[in-house]
Amino acid sequence: MVLEAAAQPGFKVGECLPPTAGPVIDQLGLTEFMRRGGHLPSYGNRSVWGSPVAIERDFLFSPYGCGWHLDRLLFEAQLADQARTHGVDWQSGVRVINVSREENQWVLDAMLLQDRVRLRSAFLVDATGRPGRFARQIGARQLRFDQLIGLWNRLEPNEAGADPDTRTLVESVRSGWWYSSGLPDGSLMVIYFTDRDLIGLSGAGAGSDWEKLLNETDHTRRRVKGSSRGFFANPRVLPANNARLDRFGGEGWLAVGDAAVAYDPLSSYGITASLAGGIRAGEAIANFLNNHPRVLQEYAGHIEAAFLEYLKVRSDHYLLEQRWPDEPFWRRRAVG
């Protein structure tokens, strides 16, 4: 059973899948869904990092084929439908009131629509995203490694229509970096990443402040001016910091996805890592319930090893940018 808090899927930032997600999508049985339409193929990315010159990376040479710009609402619905097809009881609009442990079982008191119910389960998975609500409720601690946030706007196309460039664009600046990507509906997602204490956007003027920061870029500014209507609403804020739990499971429970480990968006790990981690967690739980208790430790060990390797890759990538070594954002990441 899946207990989903939202009554229906809502818009989420996290709209790109790299080519390396292909094998995971295939394992989940979603490849044909992706090809039927609704999602926009991505054939490469562009980065302005370490110098003002843009570097192109073409996915033509990837053994996994193209990446994808997701219609996130459609993708969420496809995941849920695939789960239901395989026997999952998917309940939406659920409010969990209390969770307790009784006689080697979890007992959940919840509101399903207007009814209060009591559910019992041999195993519980925390998939509550970055808050990690259940794991923290039972004593796990969340470790945060930085203060990164994203300030995002979703921009409507101008009269000329959607930007024909299907590449993602990453551009570094003195105080952080920018990301932009076209969405299947023709709009453009533009996000400015910086540390929370380095930004002062607030109130009704935040949209104009965001535009001033945008004007400090070169490639991103040209993309926005050339393909959007140019109206900048107050940006919405999303947490983007590196975070992880101090433990990824315990007696009869595991954490998955962002609840276990939340990645810096620069890595493009997020969605792919969550999907792959869900598969691995499912296998571990099945084996655990078939009297193989060590598999939970093996699952935690895998997540730990993957996170440590990710930290090294992330550090190496940030160290490639050496143009502003004295700026706080980059000085913090030069520590490695």
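In which helix is arginine 223 found? Arginine 223 is found in helix H6, which covers residues 219-227; helices are DSSP runs of H or I with at least four residues, strands are DSSP runs of E with at least two, and both are numbered from the N terminus. The model described here is predicted, so that local features need pLDDT of at least 70 and side-chain atom pairs count only at pLDDT 80 or more, whereas totals for chains, interfaces and linings use all residues. Residues are numbered from 1 along each chain as its sequence is written, and side-chain values use heavy atoms, with hydrogens and water left out.

With a relative accessibility of 7%, arginine 223 counts as buried, a term that stands for under 20% relative accessible area, while exposed stands for over 50% and partly exposed for values in between, with a 1.4 Å probe and protein chains only. The side chain of arginine 223 reaches the backbone oxygen of aspartate 165 at 3.2 Å, a polar contact being a pair of N or O atoms within 3.5 Å in which, within protein, one must be able to donate a hydrogen and the other to accept it, and for which residues adjacent in sequence count only if both atoms are side-chain atoms. When neighbours within four places in sequence are left aside, the residues in contact with arginine 223 (heavy atoms within 4.5 Å) include Asp163, Asp165, Arg167 and Thr168, as well as Ser180, Ser181 and Leu188.

A buried residue of a strand is threonine 194, which has its place in strand S16, residues 188-195, and has a relative accessible area of 0%. A polar atom of the threonine 194 side chain lies 2.6 Å from the backbone oxygen of serine 175. Beyond the neighbours within four places in sequence, threonine 194 is in contact with Gln147, Leu148, Ile149, Ser175, Ile199 and Phe329.

The interior was also examined for nonpolar cores, a core being a set of buried Ala, Val, Leu, Ile, Met, Phe, Trp, Tyr and Cys residues joined through side-chain atoms within 4.5 Å. The largest nonpolar core holds 28 residues, of which Trp106, Phe248, Trp253, Leu254, Val261 and Tyr299 touch the most other members. Two or more residues of this core are given by each of strand S9 (105-112), helix H4 (133-137), strand S20 (253-255), helix H7 (270-289) and helix H8 (295-319), and the largest share, six residues, comes from H8. Tryptophan 253, leaving aside its neighbours within four places in sequence, has contacts that include Trp106, Phe123, Leu124, Phe134 and Phe248. A second, separate core of 17 residues includes Trp49, Tyr179, Leu183 and Phe193.

Helix H7 has 20 residues and reaches 28 Å from its first C-alpha to its last, close to the 28 Å expected at 1.5 Å a residue, where the expected span is 1.5 Å times one less than the number of residues. Its buried residues are Ile271, Thr272, Leu275, Gly277, Ile279, Ala281, Ala284 and Ile285, and these pack against strand S2 (16-17), helix H1 (22-27), helix H3 (72-85), strand S11 (124-126), S20 and H8. Just after H7, asparagine 291 takes a positive phi of about 70°. Helix H3 has 14 residues and spans 20 Å from its first C-alpha to its last, close to the 20 Å expected; among its buried residues are Arg72, Phe75 and Glu76, and H7 is included in what covers the buried residues of H3.

Helix H7 also gives the most, six residues, to the lining of the second largest pocket. This pocket is lined by 17 residues, of which Tyr263, Ala273, Gly277, His302 and Ala306 lie nearest its centre.  A pocket is here an open set of points on a 1 Å grid over the protein atoms alone, where a 1.4 Å probe fits and protein lies on both sides within 12 Å along at least five of seven lines, and lining residues have an atom within 4 Å of a point.

Serine 267 has its place in the loop between strand S21 (261-262) and H7, and is partly exposed, with a relative accessible area of 23%. The side chain of serine 267 reaches the backbone oxygen of aspartate 264 at 2.8 Å. Histidine 317, which lies in helix H8, counts as partly exposed at 34% relative accessibility, and touches Trp49 and Leu266, not counting residues up to four places away in sequence.
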